[in-house]
Amino acid sequence: MTQTWMRPAAWIAVFAALALPIALDLNSYYLHVLNLAWIFAIAALGLQVATGITGQIVLGQAALVGFGAYATALFMLRLSLPWHLALVAAMLLTAAVGVLLGAVSTRIKGHYLAIVTLALNEIFRMVALNEEWLTGGPMGMRDIPTLSIPALGDNIDRQLYFPLLALCFAAYAVTVFFHRARTGRNMRAVRDDEIAAEAMGVDSRRVKTIAFVVCSAWAALAGGLYVLLVGFAAPANFTVFESIKMMLMVVLGGLGSIAGTFLGAVVITVLPEALRGLQTYYLAAFGIGVVAILLLAPRGLGVVGDWLLGSFLTGKREPVGEAPSAPLNLGAAAAAAATALGAHVPAPGGGEALLRVRGVSRSFGGVKALNDVAFDVRRGEILGLIGPNGSGKSTMINACSGTVGVEGSIQLGSDRIDNLAPWTIHGRGVSRIFQNVRLWESMTVLENVMVAHRAPLEQAGSREARSRAAALEALASMGVAHLAYRRGGDLSFGQSRLVEMARAIVNKPRLLLLDEPAAGLRGGLILELSQILQHLRAQGMSILVVEHRIKLVMNMCDRVVVLNLGDKIADGRPAEVMDSPAVIEAYLGERIPPEPAAPLAREPAPA
């Protein structure tokens, strides 16, 4: 009830505060500072998309802003384009630079990418300084036509106050919608765990490229608006210091927070001007003020901003049922699986091979993880892959899901999938869980499962609605639908494992790869997990499971393949494999002595 009136009241207060400078007839200098704050907020928003939401460190945002500013000016002065066409053309041209940066980000990561983008800033500065015929050199470009809206005031800062603020809000509204959609979820998944995102069907190269395109487009918009406001562009306006200032806006607003970026931009732009009266000491006071904000709000100002956005940011929440009164256990999940999955007609299994592994080898340095391994996974079968630690089991799972490259052949149905990208293999009906649970912790449970879902284009209705419905169905089948709006990082291990299982089955894959699904479970819970897997198999899923629990392997697997030091040493039914001397030797670490040969009969001595 409290939130019902508090959030609308807060929005009224925000709009009143934004209108106050015009109502109070603030002088043009302070209006100019606020106009710069709206422009910086747009530039910082692009940086937030690339760095805060997608996890790509960019330290050259000022260069992209400068590129957009010079491009807008050149289109207006040299090609005589009207300002709105020049601005759009500059955004498109700068977006092309973003495509190149996206291609670079697929090759280099982390601090190396940060150094490259920092170098971009210096390259831009040197070009702007030395190519005088194009940029005007150190003196910059002057007499750029500015906007004029006489009906809104007697000077340009008063005239552009509300238009710039409206454009800023429009950019933020587009980004919020973008953040809630599939591409925004994919960006956050890449940021939290890129390997897991790729295994769940996210094309990380495409996602990073989109992030840099959006980052560049918003930077160009900010640059174009800057020259339309001041009528001037020079290299000194787009230095490394400006890039660092925009990064500070993002950090102060909170990494990943869209609304916080706006608040961070306003604070970083306005606070130094508010402290100008301290003269020599104003920069020190500014630094102390920023540190104080970060100490009081370690997660940034986005805590306030995200609360203001509310359901605009998260979307409308649907009822998902109440939490069970008893602690969550696999017995409840197994019962839920029996109910939810039992309603479907089982897919017939012909017994022919679905996955064919032939001559697969993989080395890490001088260590042979897999050595000419061959086996089949038949349709409608649960195949156990067992062996001592270091035998190559997880490497085989990674090879089948595309996480690592191998020599040899891996065929799914009639298609070769060895050495394909993980998202391509996922799209062909292969899904997996990891040995260590890899949820995207900053996202809700529902979003975690929706990332993995791929709604067929030919189905009717909204793809977003179909993904949401499929995700809730998968969560219900694992008995964890009531956790749909909890953050992935707030779950217990058992809950996380069930959510990961729901994420893996949401597309009803042809082949399910499980890397030690019983890790961390105890006692009777292991047999309950076996019941869940039996239900999944009954729906036509073939399952390749890596497991150390022999009890679970014996209970649920139709066949077992045993690896040892990268070699396949056994393949057959569980009972037969467990009696194999080679398997016993591999697990016990000692050779089983052969049975003594029968004594030979002595021939009688010659007479």
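These legends accompany a set of close-up views of a predicted model.

The model is predicted, and local features are described where pLDDT is at least 70, side-chain atom pairs count only at pLDDT 80 or more, and totals for chains, interfaces and linings use all residues. Residues are numbered from 1 along each chain as its sequence is written, and side-chain values use heavy atoms, with hydrogens and water left out.

**View 1. The whole chain, with its confidence.** Helices (H or I, at least four residues) and strands (E, at least two) are DSSP runs, numbered from the N terminus. Of the 607 residues, 49% count as buried, where buried means under 20% relative accessible area, exposed means over 50%, and partly exposed lies in between (1.4 Å probe, protein chains only). Among contacts with a separation of 6 or more, 74% come from residues 24 or more positions apart; a contact here means heavy atoms within 4.5 Å. The mean pLDDT (the predictor's confidence in each residue, from 0 to 100) is 85, and 88% of the residues reach 70 or more. Please read residues 345-349 with care: pLDDT stays under 50 there, and the model has seven contacts beyond four places in sequence for this stretch.

View 2. The unreviewed UniProt entry places the feature "transmembrane region" at residues 29-50, 57-77, 83-104, 111-129, 160-178, 210-234, 246-268 and 280-297. UniProt positions are given in the numbering used here, feature names are shortened, and annotations may be inferred rather than shown by experiment. Two of these segments are worth a look in the model. Residues 57-77 are 81% helix and 0% strand, with 34 Å between the end C-alpha atoms. Residues 210-234 are 84% helix and 0% strand, and their end C-alpha atoms are 29 Å apart.

**View 3. Aromatic rings around Trp 38 and Phe 262.** A search of the whole structure turns up 12 aromatic pairs. The stacked pair of Trp 38 and Phe 262 has its ring centres 5.7 Å apart and its planes at 5 degrees. Trp 38 belongs to helix α2 (residues 28-53) and Phe 262 to helix α12 (residues 258-274), so this pair ties together parts that are 224 residues apart in sequence. Rings of Phe, Tyr and Trp (its six-membered ring) pair if their centres lie within 6.5 Å, and planes under 30 degrees apart count as stacked, over 60 as edge-to-face and the rest as tilted. Both Trp 38 and Phe 262 are buried. Ring pairs also link these two with Trp 11, Phe 15, Tyr 161, Phe 162, Phe 169 and Tyr 172 into a cluster.

**View 4. Two arginines over tryptophan rings.** Arg 7 lies over the face of Trp 307, at 5.1 Å from the ring centre. Elsewhere in the chain, Arg 503 lies over the face of Trp 440, at 4.5 Å from the ring centre. A charge sits over a ring if NZ of Lys or CZ of Arg is within 6 Å of the ring centre and within 35 degrees of the ring normal.

View 5. Four strands form an open, antiparallel sheet in the order β2-β1-β4-β5. Its edge strands, β2 (367-378) and β5 (415-416), each pair on one side only. Strands pair if DSSP finds at least two bridges between them; β1 (residues 353-364) and β2 have eight, in the antiparallel sense. Leu 355 has Val 377 of β2 as its bridge partner, and Arg 362 stands opposite Leu 370 in β2. Two residues separate the strands of this hairpin, and Gly 365 in the turn has a positive phi of about 65 degrees. Asp 372 lies in strand β2, has a positive phi near 55 degrees, and is exposed, with a relative accessible area of 54%.

**View 6. Strand β9 and its partners.** Five of the six residues of β9 (residues 559-564) are buried, so this strand is largely enclosed by the rest of the structure. Strand β3 (residues 382-386) pairs with β9 in the parallel sense over four bridges, with Ile 386 opposite Val 562. Strand β10 (residues 567-572) runs antiparallel to β9 and is joined to it by five bridges; here Val 560 stands opposite Gly 572. Two residues lie between β9 and β10 in their hairpin, where Leu 565 in the turn has a positive phi of about 55 degrees.
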